[in-house]
Amino acid sequence: MSYAAQKFLEDAAVKSADLAHREVIRRALDSYDAAHLRGRSRIHDWEAARQRCQEIKREAINHLDRYLLQFEEKVIAHGGHVFWAADAQEACDYISNLATSRGVRTVVKSKSMVTEEIQLAPALEKAGITVWETDLGEYIVQLRNEPPYHIVTPAMHLNRRQISELFKEKLGEEVPGDDPAELVALARRTLRRPFFSAEMGISGANFLVADSGAIAISTNEGNGRLCTSVPRIHVAVTGIEKVIPRLEDLAVLWPVLATSGTGQGITTYSTLIGGPRRPGEADGPEEFHVVLVDNGRSALLADPEQREVLHCIRCGACLNICPVFRNVGGHTYGTTYQGPIGSVLTPHLRGREFEHLSYASSLCGACTSVCPVKINLHHHLLRNRRNTAAAGDTKWSERMMFRAWRHAMLHPRIYALGGWLGRKTLRALYGLGLAGSIVDPMRVWNLRRSPLPLPKESFRSLWRKSLGRRGLGKKGLGRKDLGSNDL
Amino acid sequence: MEATTFEKAENPSRSRILERIRAGLRTPAPDAHGPASSGVIFAPVENPLGRFQQECAANLMECLLTADINESAADLAKVLDSLPQGEIFIQDAPSLRRLLELAKPARPMRWSTEGGPREASQVTITLAESLIAQTGSIFVTASCGGRGASVVAPCHIVFATIAQLVPDLQTALAKASKEGKLESNSFACVISGSSRTADIEKILVQGAHGPRRLVVVLQR
């Protein structure tokens, strides 16, 4: 088992037993659920919207070279620069060199998961540059020196009391009553100076619009607007998969992203930036750089079965609905991208050390049902599991267990004997009060739960006694004939 | 480092990445040509003005409907009177010069032709390219006083006419595309309310880093 897998199991056990943490997450996600449903009701045909978004992204990803070149040509024509970075190191080197060559001492950053992925802030700090995260949630987790908890809501795991104490400790100001409005006002006052003194602003991009050569950024706070308006250099860091063909595609992508991300009809600032300040414009950066990051994406593109994972628009809806995320929380994943999309994507971006995340799912399919670009997430998790097994990256004991199970399934009497032995053994252990103990084969389940009730009879026996009498023998038994308990 | 350092010739990974993309795409995805969507995604907007007012309220914006330039100036003066003292930043446009002459604000004014808004600006006044009824949004570009005009000050006032109302986002973007707005401007933004955040316990707070108030003076 890799170190990452071991740590995931340990952290998941701790977090899922932390009731206070679960309560904070439950409240946040209940609020999201209500807003998300309201948002969806504002769209006349949600399924048609999802399908349209899927088509847009499918067209873009399956003609990625063409649309990236079109985007690049437009940006350069408008006086901007485009840098193609094969990996995190190249991207960080380019931006660090650009910053040092331009005498940059302070950088203001708006929220960007790609900059988290490539670890840009530590690279800039290593070069002696001060980096200010300016999205409120990002600023809070930066002050705590921890990574974002969630791709849309970085400080979801904290309550107002914890944030108030953090601000008191780090900013030296006490907020009476931990009032969220006052906490926001304090962050606004603190970040005002960096906004107006920074020489460089760094943003991400939600979309790259090929026919216009513009980046599209969706934000609510206005920090992204300030980062891209006030400093004299603007650098946008983004993955190569963010390109879309046409400006008009945003007419559906913007509302769908906002609805899935926060439940809003559209984010407060849906911004398009197509280059540095033009002659005659009142303000804006003198330089505009777009850094297109590959970092494993082209390898994923080469896998036709999983190519659609690159359709993701990072709305976070799959995290919010995932029962595993809701219980283990964002930091447990140990990755930039958490939840189902992170579990699918990370093994491709960071290698086999993260294959265990494919198992951090009940395969319930809730993630697939809410994905606004219709990525078949739970099937991709299953495919990752298959790839792991095919590569022989499974434990010997697991392989033996599956071999034994297969044998039993092919030999009904052995299966029946196994079931009988299992029931007898577990009943004896539970009778001795050993549920959850080291000798309990169901220890992992029973450790933190009441023991599973053991049936008095096997399914085969029940079938013979009652179910079989229903006279379904000739027709066979369908799913509708069985209650959920039977299954 | 000179700007030439960032030319394509000095970006060795560019050709490698493009080659990898092209090689990857040689094997088509099984769903590369799925069925086209056919449903109506957004219900048509039948009453643009009513819808705009309704969405403005939902977005926590103020929409002041006026009959003529004199009423617009009077409403503008009232909004300005309610704000703390400080400089006004104004997009330098003939219609706004006329409006400000009528409103006669007793505070310093800075026009966009003198540069961007100062950090201490209390209010900015701009025009818009269009108003979008479907989302209760104002569509601005760099031509509307620059980038900072709609985000630096605690209050942003937009002066627009009903003729600028378009029914939906699709129409606004198609119009912008047709008119080459992103060819002639480095910046455009669909603004749908005042600056806000819900990063603390999902509680909505207005005025995170941008304007706490967004006021549209909408003249018939």
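Strand E10 of chain A, residues 287-293, is mostly covered, with seven of its seven residues buried. Buried means that 20 or more other C-beta atoms, placed from the backbone, lie within 10 Å of the residue's own. The model is predicted: local features need pLDDT of at least 70, side-chain atom pairs count only at pLDDT 80 or more, and totals for chains, interfaces and linings use all residues. Residues are numbered from 1 along each chain as its sequence is written, while chains are lettered from A and ligands numbered from 1 in the order in which they are written.

**Strand E10 of chain A**
- Strands here are DSSP runs of E with at least two residues, and helices are runs of H or I with at least four, numbered from the N terminus.
- Glu287(A), His289(A), Val291(A) and Val293(A) point one way from E10(A). Phe288(A), Val290(A) and Leu292(A) point the other way.

**Its strand partners**
- Two strands pair if DSSP finds at least two bridges between them.
- E1(A), residues 81-85, pairs with E10(A) in the parallel sense over five bridges. Val82(A) stands opposite Val290(A).
- E7(A), residues 233-239, also pairs with E10(A) in the parallel sense, over seven bridges. Here Ala236(A) is the bridge partner of Val290(A).

**Contact between chains A and B**
- The contact takes 83 residues from chain A and 69 residues from chain B, counting C-beta atoms, placed from the backbone, that lie within 7 Å.
- On the side of chain B that touches chain A, H1(B) gives the largest share, eleven residues.
- E9(A), residues 269-273, and E9(B) pair in the antiparallel sense over five bridges. Tyr269(A) stands opposite Ile191(B).

Definitions and conventions
Buried ≥ 20, exposed ≤ 12 C-beta atoms within 10 Å, placed from the backbone. Contact = placed C-beta atoms within 7 Å.
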